[in-house]
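Subject: Structure handover

Hello,

Here is the model you asked about. My notes on it follow below.

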Amino acid sequence: MQSVETFFDHLWQQYTDINPQAHAIHALLQARGETVVNDHVALRTFNTEKLGIDRLSTIFENMGYENRGSYDFTAKQLNAYHFEHKENPNHPKIFISELITESFSDELQAIVQKIDDQVDAAEVFDEDFLYTGRPWNLTFDEYIRLLQESEYAAWTAAFGYRANHFTVSINHLTTFFDIQSLNQFILDNGFAMNESGGLIKGTPQQLLEQSSTMAPMVNLEFSDVNHLIPSCFYEFAKRYPTESGKLYQGFIAASADKIFESTNSM
Ligand code: OOG
Ligand code: NI
C-alpha cells in the first residue's frame with residue numbers, strides 16, 4: 001500500500017499540472033522563506049453506489065483515515081464529511097462531498113448514470129483512483145446541461161478524480177500576522193479571490209477563517225471539443241484553539257457553502 005505522503009504527492013502533482021496558479025502561489029510563499037503546510041484537500045463525487053463517498057473513502061480509510069465530521073448543504077444538494085488521520089494529526093485532512101443525484105432532473109440523473117456506467121466497479125478500489133482524472137467520456141453539451149442545474153455536477157463530471165483544492169495552513173506561516181495580510185498578498189500578486197459571502201469566510205469565534213482564489217479557466221478536452229472552463233482553486237485556512245487548547249479541526253458548513261463557489265464561472 002502507498003504511504004500517505006505518496007498519495008498527497010500524486011494529488012499535488014496532478015493538481016498543479018492543470019493549475020499553475022497554485023504552483024505560482026506556493027512558489028511566492030516559498031520565496032518569502034515560508035514552508036507551506038497543507039491543511040486539507042477537497043474531493044468531489046456523485047452519490048451513486050459505485051462512486052459515492054462510502055466507496056471512495058475506503059481508499060484513505062486503508063491509509064489510516066477516519067470520518068470525524070458530517071455536513072449538509074441543502075441548497076446545493078450535497079453531503080460532505082471530513083476525515084482525519086488516526087495516528088498522525090499532521091497529515092492533511094480530507095474533505096469529501098457528493099452530489100445527491102436523485103434531487104435533480106431526470107436528464108441530470110441520466111447523464112450521471114451514463115458516467116457511472118463507464119466506471120469499472122473494481123477500479124474504484126484502486127489506490128490510484130482518486131487521481132485518475134476523468135475516467136468517462138463527456139461532451140461539452142452534457143457539461144452545459146449539468147451546469148444549468150448544478151455547478152458542482154458540471155465540475156465533477158468535467159474533472160473527475162483529482163484534488164479540487166489544496167489549502168495553505170495559515171497557522172504554519174511565519175511572515176503573515178493574519179488572514180487579511182495573506183489575502184492582500186494574494187490580491188497584490190494579481191490573483192482573483194472568491195468574494196462570495198465576503199473575502200473571509202468564518203470568524204475567530206467560529207474557530208476557522210477561510211479564503212480562496214477563484215478557479216482560473218483552463219482549456220479542457222471534452223469528448224468532442226476543447227473549451228475554457230473553471231478549474232481548481234487554492235484555499236487559505238486559519239484555525240483557532242478550542243477550550244482544550246488544541247486547534248479546531250472541523251469545518252463550518254456556512255463557510256464551506258461559499259468555498260464551493262470558487263469553481264463558479266466569474
Ligand atoms: C469543498 C468546499 C468546502 C472547505 O474548506 O470548507 C471546503 C469543495 O469546493 O469541493 O473545502
Ligand atoms: Ni477547503
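Which residues touch the most other members of the largest nonpolar core? They are Ile94, Ala157, Ala158 and Ala163, in a core of 53 residues. By nonpolar core I mean a set of buried Ala, Val, Leu, Ile, Met, Phe, Trp, Tyr and Cys residues joined through C-beta atoms within 7 Å. A residue is buried if 20 or more other C-beta atoms lie within 10 Å of its own, exposed if 12 or fewer, and partly exposed in between, with C-beta atoms placed from the backbone.

Please note that this is a predicted model: local features need pLDDT of at least 70, side-chain atom pairs count only at pLDDT 80 or more, and totals for chains, interfaces and linings use all residues. Residues are numbered from 1 along each chain as its sequence is written, while chains are lettered from A and ligands numbered from 1 in the order in which they are written.

A second, separate core has 7 residues, including Ile170, Leu173, Ile179 and Leu208. Beyond its neighbours within four places in sequence, Ile94 is in contact (C-beta atoms, placed from the backbone, within 7 Å) with His40, Val41, Leu43, Phe60, Tyr65, His82 and Phe83.

Sheet. An open sheet of 7 strands runs in the order β2-β3-β4-β1-β5-β9-β6, with mixed pairing; two strands pair if DSSP finds at least two bridges between them. At the edges are β2 and β6 (208-212), each pairing on one side only. Strands β2 (residues 65-73) and β3 (residues 78-85) are antiparallel over 8 bridges, and Tyr71 stands opposite Ala80 in β3. Between β3 and β4, also antiparallel, there are 6 bridges, and His82 has Phe95 in β4 as its bridge partner. By contrast, β5 (residues 165-169) and β9 (residues 233-239) pair in the parallel sense over 5 bridges, with Val168 opposite Phe236 in β9.

Ligand. Which element gives the most residues to the shell around ligand 1? That is α8, with 3 residues. The residues around ligand 1 (C-beta atom, placed from the backbone, within 6 Å of it) include Arg44, Phe95, Asn164, Glu235 and Ser255. β1 (38-46), β4 (93-99) and α8 (253-259) each give two or more residues to this shell.

Regards

Note on methods
Contact = placed C-beta atoms within 7 Å. Helix = DSSP H or I, 4+ residues; strand = E, 2+ residues; numbered from the N terminus.
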